[in-house]
Amino acid sequence: MRRLSSPVERLGGHWPVVVVGSGYGGAIAASRLSRAGQKVCVLERGKERLPGEFPRTSAQFLRETQLMGPGGSFLEKLKVGSPTALISLHLLGDLAVISGSGLGGTSLINASVVLRPDPRIFDDSWPAAFREDLSGLVEDGFAHAERMLSPQVYPEGHPRLRKMDALRRSAEYMGAKFSSLPLGVHFQEGVNAAGVRQRACTLCGDCATGCNVGAKNSVNHNYLADAQRHGAELFTQVAVHHLERGPGHWRVYYRLTGMGRELFDAPLQFLTADHVILAAGSLGSTELLLRSRAAGLPVSGELGKHFSGNGDVMAFGYNLDVPVNGVGHGDHPPKDAEPVGPNITGVIDLRDTEYVDEGMVIEEGGVPAALGGYLPTLFAAVAPLMGEDTDEGFIDGVQENARVAESLVRGPYHGAVRNTQTIFAMTHDDGGGELKLEGDGLRAVWPGAGRQEGYLRAEVKIRKTVEALGGTFIRNPVGARLLDNALLITHPLGGCAMGEDAESGVVDHEGRVFSAQEGTAVHEGLYVCDAAVIPRSIGANPLLTISAVSERFAARLAKRHGWHIDYSSMQERPGPEPRTPTGLRFTESLRGIISSAVDEDYRAAANPDRPGASELRFVITVLVEDLEALLKDPRHPMAVTGCVTAPALSQKPLTVTRGTLNVLVEDPQRPGYKQLRYALHLQSESGEKFFFEGFKQLTDDPGIDFWEDTTTLFVTVRRGEGPGAAPAYKGVLRISVDDFARQVSTFRVTHALSVQEQLSAVGRFGEFFLGGLFELYWKPSFVEEA
């Protein structure tokens, strides 16, 4: 599979359409609006990962997990783990939420169950115009999404799956309906509707930590690939902070993540857009609008309310009387291991109830290999404290204890853990949660949510599924009694719910954001398009419902502006997938003084005692997309992005819309001497443009001047678009010793396939740069001594 993301230096200054987030809602909006001829920019805070780059081991899993506490708390400030980690655990107070981060959002780590909802969920809570369109664009949305996500049930003739058979036995015991689920999984290699070739599922069971095979139909394989093929630019490691309304456009404030800029306390950057579509999920989109409201954007007072956990309940049937094989084995199955299968394959469908809110679905699950090693000890410790044995008898007890010991000794593919079923239920809650902004993060207020009748009813049914198989019923250890029934949610909904008006919702039936506390007026060009708009629990896996709603929003938006969406399928691209070249990046910060004395020498202009002298600081990230091309090009160009703080130019930071650093190039005035040359195009919030040019003069003068030369930048700032504009300021910037140490720590090799390739890239760049400095500063003296 080819990489979809664009180099971040191409982010630029203005876009017709900006989509924030790349899960189902964002991917669908990007695909459909790109097909409608719009130039679309997608901003995703996580990384892009190709098959083979997802965690396989416990150590890799820990590196790919981020823990975030509630707003205003110590953990909120600390944010344990990498900001670009694949899996985020949000501890929000009265509930916890698991979400995915990366190009594809939570679709990267979910079970890809493409299940239609009970139609009765649309009978209330939704705007009238939406309900009136159920047989129109809503049904079209379901059909479009099903075509792109290509669901199919586990095929007849494939190996029997013990966890699926166990759930079938539970259904028979309960007198309930069992069926195979429609899954967004390729069970045979082939080309999907976006023209992307996908491999066949290997039944490894590692869906929940990302598919390393490329068989799961996460949206990077379909909608996002389709968007990119139709001209959209997808940018990763870009975390949007908030929005502000500017004159005729939206300003989108963001920070680059995982690039070391936080070490320099870099200010926010911004870009502008005609249309902004928030699709960062229930937590992300709500948080962005809450921050935007704090910055002055008028929105509905319902923002953050109507938050639902979709009735999510997770529990375990531990140490059952039958084998389950519910622990994934990844690329290295144990000897004689039986297949695990996709994460979820079957369902006990209990939605045929008199009242829709009493219905539920119960599904079996799998645990990925990266977590398997923890399970024998965890369950052996938790079961006596929290478990409820559903069968009795001396012989049964002896057998259960023997299986516990076997797991502890031989690992999760044996004994009690091999006989453990992970069980998920989805039912209904009252949607009474509220997300609030505290500090710069979220806190959820929903006391005692886990004691609602729907959750308790689901626990009773899950216990029945365990009772059918013997063994011990264990409530989810993350919630349950130890945390006052705090909810662990994998399908968060709401926060920006649809409503008839601002008194009942945050967006209208088309996803347009209401612009006041009451009435139906909306902000032109601002939309929410994801799970945040869903006004109530779904009572089933919600991805298809979210996708259908997003398809409808995109269709309505296009129709409103007279754009035509082409829904035809794509053919496979010919030729082999291109290899992404090895690159590198680092972040640099310089600060100093500038003044309007443009006719003076640089150092004289930088005198801090000169009238009108002002500070200037930049924090830039230097990016090399292709190291080989950099070394071959005599100009040695590196792309630059970042921001500049200069009160003389603007009271707020300016954004680098594009920039270049040329390394070890000839001094145009003094042949034989070298320079590092910077050229940055700057834009202020007011739209004023400046051109920043600077050079570091590398000259072997008498004395020890290496440090001075490589850390001193002589700058000219011009008021206008480019080097031809009239100079306005002049001065000198320098790197401090502390900032230089931080800069060195940010150096990274990108897209290397191995440690050896990383070391080779570091060596080649070091030979080029340090070798060039050696030639200039030290070799002449050695030659003279010889």
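Modeller: Let us begin with terms. Axes are lines fitted to C-alpha atoms, for helices over the stretch in contact, and angles run from 0 to 180 degrees between N-to-C directions. Helices (H or I, at least four residues) and strands (E, at least two) are DSSP runs, numbered from the N terminus. This is a predicted model, in which local features need pLDDT of at least 70 and side-chain atom pairs count only at pLDDT 80 or more, while totals for chains, interfaces and linings use all residues. Residues are numbered from 1 along each chain as its sequence is written, and side-chain values use heavy atoms, with hydrogens and water left out.

Colleague: How is a pair of packed helices described?

Modeller: Two packed helices are described by the angle between their axes and the distance between the axes. Here, the axes of helix H6 (residues 162-174) and helix H13 (residues 453-467) cross at roughly 110° and come within 8 Å. H6 is therefore roughly perpendicular to H13; that term covers 65 to 115 degrees, with under 35 counted as roughly parallel, over 145 as roughly antiparallel and the rest as oblique. The crossing of H6 and H13 is right-handed. A crossing has that hand if the near helix is turned clockwise from the far one by less than a right angle, and is left-handed if anticlockwise.

Colleague: Which residues make the contact of H6 with H13?

Modeller: Contact means heavy atoms within 4.5 Å. Ser170, Tyr173 and Met174 take part from H6, and Lys461, Lys464, Thr465 and Glu467 from H13. By class, the contact of H6 with H13 has two nonpolar, two polar and three charged residues. Ala, Val, Leu, Ile, Met, Phe, Trp, Tyr, Cys and Pro count as nonpolar, Asp, Glu, Lys and Arg as charged, and the others, Gly among them, as polar.

Colleague: At what angle do H10 and H11 pack?

Modeller: Helix H10 and helix H11 (residues 394-410) pack at about 145°, with their axes 8 Å apart. Their crossing is left-handed. Pro376, Thr377 and Ala380 of H10 meet Val404, Ser407 and Leu408 of H11, and this contact has four nonpolar, two polar and no charged residues. Helix H10 (residues 375-386) also lies across strands E13 (312-318), E16 and E20 (472-475), running at about 95° to E20.

Colleague: In what order do the seven strands of the open sheet stand?

Modeller: Two strands pair if DSSP finds at least two bridges between them. The order is E6-E14-E15-E17-E13-E20-E16, with antiparallel pairing. Strands E6 (177-180) and E16 (388-389) are the edges, each pairing on one side only. Four bridges join E6 to strand E14 (residues 346-350), and Ser180 stands opposite Gly346 in E14.

Colleague: Which strands stand at the edges of the sheet of four strands?

Modeller: That open sheet has the order E3-E4-E5-E21 and mixed pairing. Strand E3 (65-68) and strand E21 (487-489) each have a single partner strand, so one side of each is left without a neighbour in the sheet. The twist averages 15° from one strand to the next. Strand E5 (residues 95-100) runs parallel to E21, joined by three bridges; Val97 has Ile489 of E21 as its bridge partner.

Colleague: How many residues lie between E18 and E19 in their hairpin?

Modeller: Two residues lie between them, and Gly439 in the turn has a positive phi of about 65°. Five bridges join strand E18 (residues 434-438) to the antiparallel strand E19 (residues 441-445), and Lys436 stands opposite Arg443 in E19.
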